[in-house]
Amino acid sequence: VIQGIRKAEEDLADYGVTVELATMRGYKTEEQLALIDSFGDRLSALVFQAINDPLIVERVAALESAGIPVITVNSDLETSARGCYVGSDYIKGGETAAGMLGMVTGGQGRLGVITGVESILGHAQRRKAFEEHLLQIYPDIQIVARESAYDDIDRAHRVTLSMLQSHPEIDTLMIITAGLEGV
């Protein structure tokens, strides 16, 4: 993604476009707001992976009201004034994953689910769509346990190990997050 941003900046340099790139780890609303604020009056547009939080929604509305276009990527905001969203359809992804899991397991199983970060709308949408669709089309697949890995490889390893030790009946895992190497 960063390489793509840098390539776009190169392509648009003749038009006076410059890009200031800032990154953060984790999902702290206050940190994301501070990062947005750090651009000050240099901000003429914002493209970012949003944390789905009312404070972020408010900030996006304020930016849009000030004439600063906002685009969310990879993770959208449930209700916001942002100009557009570029990314996956997480609801369809969750439903597709439920269908695939049912086919692979023959519609039966004891399932452990490793989730992501609920404040990331895409994670929440994918998990909810997966679980609802699974229940609807494969009622013989039982969700035995659910743990969040928070997109962290080490945490993913710990919660998966704990889940499997606590629930030896689990015969299938569904991973709805990054950090899958830890699982």
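Residues are numbered from 1 along each chain as its sequence is written, and side-chain values use heavy atoms, with hydrogens and water left out. Because the model is predicted, local features need pLDDT of at least 70 and side-chain atom pairs count only at pLDDT 80 or more, whereas totals for chains, interfaces and linings use all residues.

Helices (H or I, at least four residues) and strands (E, at least two) are DSSP runs, numbered from the N terminus, and two strands are taken to pair if DSSP finds at least two bridges between them. Strand 1 is joined to strand 2 (residues 70-73) by three bridges, and the two run parallel; L46 stands opposite V70, and V47 stands opposite I71. The pairing of strand 2 with strand 3 is likewise parallel and extends over three bridges, with C84 of strand 3 as the bridge partner of I71. Strand 1, helix 3 and strand 2 together make a right-handed β-α-β unit, a crossover being right-handed if, with the strands pointing away from the viewer, the path from the first strand over the helix to the second runs clockwise.

In a regular strand the side chains alternate between the two faces of the sheet.

A nonpolar core is defined as a set of buried Ala, Val, Leu, Ile, Met, Phe, Trp, Tyr and Cys residues joined through side-chain atoms within 4.5 Å. The largest such core has 17 residues, of which L43, L46, F48, I56 and L63 touch the most other members. Helix 2 (29-37), strand 1 and helix 3 (54-65) each supply at least two residues of this core, and the largest share, four residues, comes from helix 3. Apart from this core lies another, of ten residues, among them A97, F130, L134 and M174. When residues up to four places away in sequence are not counted, F48 touches Q32, I36, I56, V60, V70, I71, T72 and V73, contact meaning heavy atoms within 4.5 Å.

A further open sheet of three strands has the order 5-4-6, again with parallel pairing. Its edge strands are strand 5 (141-148) and strand 6 (172-175), each of which pairs on one side only, and neighbouring strands are turned by 25 degrees against each other on average, direction ignored. Helix 6 (residues 153-166) packs on this sheet, touching strand 4, strand 5 and strand 6, and its direction makes about 140 degrees with that of strand 5. Strand 4 (residues 109-115) runs parallel to strand 6, to which four bridges join it, and G112 stands opposite L173 in strand 6. Strand 4 also pairs with strand 5 in the parallel sense, over seven bridges, and L111 stands opposite I143 in strand 5. From strand 4 the chain crosses through helix 5 (residues 121-137) to strand 5, and this β-α-β crossover is right-handed.

N52 lies in the loop between strand 1 and helix 3 and counts as buried because its relative accessible area is 19%. The side chain of N52 reaches the backbone nitrogen of E78 at 3.1 Å. Leaving aside neighbours within four places in sequence, N52 is in contact with D76, L77, E78, S119 and L121. E10, by contrast, has its place in helix 1 (residues 2-12) and counts as exposed because its relative accessibility is 61%. The C-alpha atoms of E10 and L180, which are 170 residues apart along the chain, are separated by 33 Å.

Key
Buried means under 20% relative accessible area, exposed over 50%, partly exposed in between (1.4 Å probe, protein chains only). Axes are lines fitted to C-alpha atoms, for helices over the stretch in contact, and angles run from 0 to 180 degrees between N-to-C directions. A polar contact is a pair of N or O atoms within 3.5 Å; within protein, one must be able to donate a hydrogen and the other to accept it, and residues adjacent in sequence count only if both atoms are side-chain atoms.
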